[in-house]
Structure formats: structure tokens, C-alpha cells
Amino acid sequence: MTSLTESPAVTSVADPVLAVRDVRVAGLVEGREVVRGVSFELTPGKTVGIVGESGSGKTMTCRAILGILPEHFEITGGSAHIDGRDVSTLTPAQWTALRGSTISAVFQDPASYLNPSIPVGPQIAEVVRVKKGLRRREARRRALELLVAVHLRDPELVYTQYTFELSGGMLQRILIAAAIAADPQVLIADEATTALDVTVQAEILDLLADLRDRTGLALVVVSHDLAVVAQLCDEVLVMREGEVVEQGPTAQVLYHPEHSYTRLLIGEHEQYGLDAFFDRTEAGA
């Protein structure tokens, strides 16, 4: 993976950095499948969206890909390959090496993933030290570069601040900085903008798009918000009760939905601005 400070040329034909084929996840206690046959491929610089209501299987799919399924859940079928490696064959040590350096994730509540008793800058620097093997001074410099990369003003000040001193949008940027610290090829953003107000959400989406375009980062964007998917994603999967009910290029699925559930989601979201987004997109086309 090219450093985040560089701008690689992403070719139009590339091997997938993430290949998910007919993945199934079941709860061992109830014996019920909660993910039933999800498949997609993701190449450098592309974005796949997974959309659906709560409980549709979006997050379980991502947790399966990341190897962090909750207790008593397991992959019961299909396969997931990250950078050509079958995740089912990875040992715990190999998973630890892979997470952060090849695939990383950003979740909904950044405060839950940051230590409130340590300034945020050293937390990012620690990720760099562990994953990249840099010395303390080099790690600090890299952490400051990352704070700049995620468009935080006055990175020297932010480096020294604690979580309680920062807004939700700033914390989400810091979590993204930590997630990209080791130059991953794939970033999963699981409802990463849900808790933010509309203006900050737009800034975070612009940031993710900028990182993707500058570095070739491949994105999986999980959201219940179709406007987020419409803005950012090349392809979209619509999930309901563990199944993919519709899948294809974003414009095709959202402008010409075939499944009744997709049409229902679009109808519900029009009042929240999806229709206005489509109008702006068509006007700029």
C-alpha cells in the first residue's frame, strides 16, 4: 500500500483487495443464520455500500470480514479473502498483524474506542509504533501528519488534547486517523457518520472520499442512510433479514430499484433529503 501522503495511480483493472463470496454467519445458541450468502468484490479506490435497517445483517457481515464476530457466532459458509488471503486460515497472531495494516475499521461511537485518560495524539502514535515499528519521535511526527491528513486544524494542539475536550466530529476524524495510521488497503466505515449532525457528516464523507481518491484506499460504507450511500459508493448491497435483496451499481439500484424493499427504503428516505440529492446529482451530470 502506498503511503497516505502519496498519490498512486489506480489502474482500471485491478485484483480485488477484498473478495467476499457467499458468506454465511450463524448464531450457535439459536442455530439461526443472521447473514445468508453475502457476496461482493472491492478493488483499490472503489467504494461498496451496505444498506438496510437495523438487524439486517450489515454489521455482522463486516464483523465476519474483520474476524471479530461476537461470542457464539461463527462463519458457517462461504469465504472472505483480504489481499488474496483466506481469512478462515488465519491464526490469532496473523489476524492481529492484518488488522490495521491491511484492513481497518471505523465505528459509530469514537469515544468507545479511545482512552479518555490519554491524549489522543499519543494514542495515534502508539498505533504507528506498533504497526509500523517507528521510534517514538518518528511516530509522533507521523501522528501529526495524520491529524493534518484528516483535516484537523492546529494538529499540535489537538495532539495534546483529551477526548472530553473534542467534539464528536473531531473525535471521528481522530478515529479515522488511527484507522489509516498503518496504511491499510481497506477501510470499513460502519455507521461512522450516524451520530453526527448533517454538516459534520458531510465533512466526514468528503474526508473519506478524499482519502480514497488520493491513496487508492478501498472503502466499505455501512449505513442505514441512502443519501450517504448515494454520495460515496460505486456499488450498493441492500440487505434485509440477513439476505442481499438487491445489488448493483449505486445509480442503478437507487434510481431504478427492482425489489419492493429497496423501493420502500427509498420512499422513507426521500423526506430526509435523498430526493434532493438525486436532483443535485442530475443537475451536475
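**Charges, contacts and backbone**

Analyst: To begin, glutamate 126 counts as partly exposed, because its relative accessibility is 39%. The model is predicted.

User: How many salt bridges does the structure hold?

Analyst: A pair counts when a side-chain nitrogen of Lys or Arg is within 4 Å of a carboxyl oxygen of Asp or Glu. The pair of glutamate 126 and arginine 129, at 3.7 Å, is one of them. For the structure, the number of salt bridges is twelve.

User: How many residues apart are arginine 21 and glutamate 41?

Analyst: The side chains of arginine 21 and glutamate 41 meet in a salt bridge of 3.2 Å, N to O. The pair links distant parts of the chain, with arginine 21 in strand S1 (residues 18-27), glutamate 41 in strand S2 (residues 32-42), and a separation of 20 residues.

User: Are arginine 21 and glutamate 41 buried or exposed, or in between?

Analyst: Buried means under 20% relative accessible area and exposed means over 50%, so values between these are called partly exposed. Arginine 21 has 39% relative accessibility, and glutamate 41 has a relative accessible area of 43%. Arginine 21 is therefore partly exposed, and glutamate 41 is also partly exposed.

User: Glutamate 246 is buried yet has no salt bridge; how far away is the nearest side chain of opposite charge?

Analyst: Glutamate 246 sits in strand S10 (residues 243-249). A salt bridge needs the nitrogen and the carboxyl oxygen within 4 Å. The nearest side chain of opposite charge belongs to arginine 263, at a distance of 6.4 Å.

User: With which side chain does the side chain of glutamate 246 make a polar contact?

Analyst: A polar atom of the glutamate 246 side chain also lies 2.7 Å from the backbone nitrogen of glutamate 258. The contact between side chains is at 2.8 Å, and the partner is threonine 262.

User: Which residues form a negative surface patch?

Analyst: Patch members need over 30% relative accessible area and no salt bridge. Glutamate 53, in the loop between strand S3 (47-51) and helix H1 (58-66), is partly exposed because its relative accessible area is 41%. The residues of the patch are Glu53, Glu241, Glu243 and Glu268.

User: What is the phi of aspartate 22?

Analyst: Most residues other than glycine have a negative phi. Aspartate 22 lies in strand S1 and is partly exposed, with a relative accessible area of 35%. Although aspartate 22 is not a glycine, its phi is positive, at about 50 degrees.

User: Where is glutamate 191, and is it buried or exposed?

Analyst: Glutamate 191 is a residue other than glycine with a positive phi, near 50 degrees. Its place is the loop between S7 and helix H7 (198-215). Because its relative accessibility is 11%, glutamate 191 counts as buried.

User: How far apart in space are methionine 60 and valine 35, C-alpha to C-alpha?

Analyst: Methionine 60 is in helix H1 and counts as buried, at 17% relative accessibility. Methionine 60 and valine 35 are 25 residues apart in sequence, and their C-alpha to C-alpha distance is 7.0 Å.

User: What is the distance in space between threonine 163 and serine 117, C-alpha to C-alpha?

Analyst: Threonine 163 lies in the loop between helix H5 (155-160) and helix H6 (168-179). Threonine 163 counts as buried, with 12% relative accessibility. Threonine 163 and serine 117 are 46 residues apart in sequence, and the distance between their C-alpha atoms is 8.3 Å.

Technical notes
Residues are numbered from 1 along each chain as its sequence is written. This is a predicted model: local features need pLDDT of at least 70, side-chain atom pairs count only at pLDDT 80 or more; totals for chains, interfaces and linings use all residues. Side-chain values use heavy atoms; hydrogens and water are left out. Patches are made of residues with over 30% relative accessible area and no salt bridge: like charges are joined within 9 Å, nonpolar side chains (Val, Leu, Ile, Met, Phe, Trp, Tyr) within 5 Å. Accessible areas come from the Shrake-Rupley method with a 1.4 Å probe; for residues, only the protein chains shown count as cover. Lys and Arg count as positive and Asp and Glu as negative; His and the chain ends are not counted. The place of a charge is taken as NZ of Lys, CZ of Arg, CG of Asp or CD of Glu. Helices (H or I, at least four residues) and strands (E, at least two) are DSSP runs, numbered from the N terminus. Buried means under 20% relative accessible area, exposed over 50%, partly exposed in between (1.4 Å probe, protein chains only). A polar contact is a pair of N or O atoms within 3.5 Å; within protein, one must be able to donate a hydrogen and the other to accept it, and residues adjacent in sequence count only if both atoms are side-chain atoms.
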